[in-house]
Amino acid sequence: MEFKKKFRGVVNKRRTPLMLNEAYTFALTHRLESDGEYVNRQVLKELTYAFDLYNAVPKVYIAYDRCACCSKEDADLRITFDKNIRTRREFLRLEAGDFGRLLLERDMIIMEIKHREVMPVWLVEELNSLSIRKISFSKYGTEYERMLRERLTEEKKYA
């Protein structure tokens, strides 16, 4: 189980492994009764706090096909390409299968460049030559905006 926090433009991920049934139980009760040695107890405390604070419950399934690349010369450089991003707001359990509505047009791909320090000059030059510019993108945020637009459209129909 993982959650992300963004602070001053930097995304921090906190995660702990859980068995699937433990993850389902935790998502609904915000508690874990397992004594599994694989569980990071500190992360679990942080997750419990966040779940309780926001009264969080599962709302959306998001899946995508990812190609993850890393540099042989620079261990800090990682580039990922996500495509076929699909979402659904029903049948959230993983056992329901791998399906959902496309979040973006079929031929769109999200490229994310991850680097701890300053990006290598060669990469900056290559991105500039292709007119590629940095933008912010959130899979969940984009799905949430789509849901709000659809609700507004539905409300206007019956207004």
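1. Contact order. Take contacts in the protein chain between residues at least 6 apart in sequence: 50% of them join residues at least 24 apart. This is a predicted model, and every point below should be read that way.

2. Overall form. The protein chain has a radius of gyration of 19 Å, whereas a compact globule of 159 residues would have one near 15 Å. Along the principal axes, the C-alpha atoms fill a box of roughly 55 × 50 × 30 Å.

3. Surface and burial. The accessible surface of the protein chain is about 12,400 Å². Carbon and sulfur atoms account for 55% of that surface. Of the 159 residues, 27% are buried.

4. Secondary structure. The protein chain has 4 helices and 6 strands. Read from the N terminus, the order is β-β-α-α-β-β-β-β-α-α.

5. Aromatic pairs. How many aromatic pairs does the structure hold? There are 3. One of them is F26 with F51, an edge-to-face pair with 5.1 Å centre to centre and 65° between the planes. F26 and F51 are both buried.

6. A tilted pair. F91 and F99 have ring centres 6.5 Å apart and planes at 55°, so this pair is classed as tilted. The class follows because edge-to-face needs an angle over 60 degrees and stacked needs one under 30. Is F91 buried or exposed? F91 has 58% relative accessibility, so it counts as exposed. F99 has 37% and therefore counts as partly exposed.

7. Charges over rings. Two cases deserve a look in the viewer. The charged end of R93 sits over the ring of Y24, 3.7 Å from the ring centre. K139 lies over the face of Y64, with 4.3 Å to the ring centre.

8. S71 and its loop. Where is S71 placed? S71 is in the loop between β3 (61–70) and β4 (78–88). Its relative accessible area is 18%, so S71 is buried; the cut-off for that class is under 20%. The S71 side chain reaches the backbone nitrogen of E73 at 3.1 Å. A polar atom of the S71 side chain also lies 2.9 Å from the backbone nitrogen of D74.

9. Positive phi at N84. Phi of N84 is near 55°, a positive value in a residue other than glycine. N84 is found in strand β4. With a relative accessible area of 26%, N84 is partly exposed.

10. Positive phi at S131. S131 is not a glycine, yet its phi is positive, at about 55°. At 56% relative accessibility, S131 is exposed. From S131 to R151 the C-alpha to C-alpha distance is 36 Å, for 20 residues of sequence separation.

11. Places to inspect. For side-chain geometry, go to the edge-to-face pair of F26 and F51 and to R93 over Y24. For backbone geometry, go to the positive phi values of N84 and S131.

Notes: Residues are numbered from 1 along each chain as its sequence is written. This is a predicted model: local features need pLDDT of at least 70, side-chain atom pairs count only at pLDDT 80 or more; totals for chains, interfaces and linings use all residues. Side-chain values use heavy atoms; hydrogens and water are left out. Rings of Phe, Tyr and Trp (its six-membered ring) pair if their centres lie within 6.5 Å; planes under 30 degrees apart count as stacked, over 60 as edge-to-face and the rest as tilted. Buried means under 20% relative accessible area, exposed over 50%, partly exposed in between (1.4 Å probe, protein chains only). A charge sits over a ring if NZ of Lys or CZ of Arg is within 6 Å of the ring centre and within 35 degrees of the ring normal. Helices (H or I, at least four residues) and strands (E, at least two) are DSSP runs, numbered from the N terminus. A polar contact is a pair of N or O atoms within 3.5 Å; within protein, one must be able to donate a hydrogen and the other to accept it, and residues adjacent in sequence count only if both atoms are side-chain atoms. The radius of gyration is taken over C-alpha atoms; the globule rule is 2.2 Å times the number of residues to the power 0.38. Contact means heavy atoms within 4.5 Å. Accessible areas come from the Shrake-Rupley method with a 1.4 Å probe; for residues, only the protein chains shown count as cover.
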